[in-house]
Amino acid sequence: MTTMFIASTLAASLLLSPGPQEVESPVAVDDVVVSARQLDEQVTGFVRDINVPDFNLNVARWHYDMCVSVVNMQNDAAQYIINRVAEVALEVGVKAGDPGCSPNVTVIAAANATETTGQIVNRYRNTLLPDVSGARRSRQALEKFVESDLPVRWWHTSMLINSDTGQVASKIQNDHITGWYNAGGIDLPINFPRVEVTSTYLRTGLRSNLTSAIIILDMEKLSGISVPQIADYISMVALTRVNMDADYSGYHSVLSLMSDKDVPGLTEWDMAYLKAIYSADITHKLKSHQLTELRFLMADWQIRRPLRRQEQSVASVMP
């Protein structure tokens, strides 16, 4: 779709040119096409790599207030992180919780991240692995979360929601779903009735809401990285479900921070992806269709809009 758009817009600009008349400054159209194609390939790779490779999990985002808590960090640094996450969230359309809200995003600075993660998982295993269709992750993924040696590791939980009514829903064959959900630090049993939704050939009528995120920082491994850089990194992984195992070193993204400490923070690339997540229709039946829409929307920010501006600039100097 992107290639067709580029081809059509370039053809239109050529039709506007005056034909065989001499042009004082030739336009290097081929350079524009090659650059756009390269960017399109990078967008496709980024969207593929950043998404958790589990097709039971749809693309997920926050649909209600985010409330961030930072633990085991000096007050100034903790407050900076909270404020920065709220600022980025607001930019993509997510409201921050009011002071005193119950945290649904918990950032923990740890001296021994693996031990801390293991303790959390042992205590809240049922909460982190809710027995809910469309939100269930594997026990192997949870163990990988515990055993990871990354400087930053994270875990999200989500819930399927009727996009029309906001009611909790589940794709099941019996009348109820069961599991556990954490409310205000207390594990509560889930007993949600099945919700009927209007479904079409392409869409289910369900969306995936993020319900919680735990982000654990290994402070020893983060030596040499500034608080603003860490805050931007946290913002990226808090606002959407990100594949923890992917290699981001080839992308101009804050996610490449662990291999390139010169990355100052969130980039235009990152914001394009977040804006795509929070403007996309995430009720597609197939996750592959959701990812296709994300690629299209991200490319709109990274390719088509700059290309249109470049074409307008070229048109303004053409005789």
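Guide: A salt bridge is a side-chain nitrogen of Lys or Arg within 4 Å of a carboxyl oxygen of Asp or Glu. The structure above is a predicted model, in which local features need pLDDT of at least 70 and side-chain atom pairs count only at pLDDT 80 or more, whereas totals for chains, interfaces and linings use all residues. Residues are numbered from 1 along each chain as its sequence is written, and side-chain values use heavy atoms, with hydrogens and water left out.

Visitor: Why is the meeting of arginine 84 and aspartate 232 called a salt bridge?

Guide: The N to O distance between their side chains is 2.6 Å, which is within the 4 Å limit, and therefore the pair qualifies. Arginine 84 is in helix α3 and aspartate 232 in helix α6, so that the pair links distant parts of the chain, 148 residues apart; helices (H or I, at least four residues) and strands (E, at least two) are DSSP runs numbered from the N terminus.

Visitor: What makes arginine 84 count as buried or exposed?

Guide: Buried means under 20% relative accessible area, exposed over 50%, and partly exposed in between, computed with a 1.4 Å probe on protein chains only. Arginine 84 has 19% relative accessibility, and therefore counts as buried; aspartate 232 is buried as well.

Visitor: Which residues does arginine 84 touch, apart from those up to four places away in sequence?

Guide: With contact meaning heavy atoms within 4.5 Å, arginine 84 touches Ala231, Asp232, Ser235 and Leu266. Arginine 84 also meets glutamate 87 in a salt bridge at 3.1 Å, N to O, and these two residues both lie in helix α3, three residues apart, about one turn of the helix. Glutamate 87 has a relative accessible area of 47%, and is therefore partly exposed.

Visitor: What makes a set of residues a nonpolar core?

Guide: The set must consist of buried Ala, Val, Leu, Ile, Met, Phe, Trp, Tyr and Cys residues joined through side-chain atoms within 4.5 Å. Of the 61 residues in the largest such core here, Phe46, Met66, Ile215 and Leu239 touch the most other members. Helix α6 (residues 227-239) gives the most to this core, with eight residues. A second, separate core has 14 residues, including Ile108, Val121, Leu129 and Ile214.

Visitor: Why is the pair of phenylalanine 46 and tyrosine 251 given its class?

Guide: Rings of Phe, Tyr and Trp (its six-membered ring) pair if their centres lie within 6.5 Å, and planes under 30 degrees apart count as stacked, over 60 as edge-to-face and the rest as tilted. The structure holds seven aromatic pairs. In this one the centres are 5.1 Å apart and the planes stand at 70°, so the pair is edge-to-face. Phenylalanine 46 belongs to helix α2 (residues 29-50) and tyrosine 251 to the loop between α6 and α7 (268-277), 205 residues apart, and both are buried.

Visitor: Which class does the pair of phenylalanine 46 and tryptophan 269 have?

Guide: This pair is edge-to-face, at 5.9 Å centre to centre and 75° between the planes. Tryptophan 269 lies in helix α7, 223 residues from phenylalanine 46 in helix α2. Phe46, Tyr248, Tyr251, Trp269 and Tyr273 form one aromatic cluster.

Visitor: How do you know whether asparagine 243 is buried or exposed?

Guide: Its relative accessible area is 11%, and asparagine 243 is therefore buried. This residue is found in the loop between α6 and α7, and its C-alpha atom is separated by 4.4 Å from that of valine 52, 191 residues apart along the chain. Asparagine 243 touches several residues beyond four places away in sequence, among them Val52, Pro53 and Trp154.
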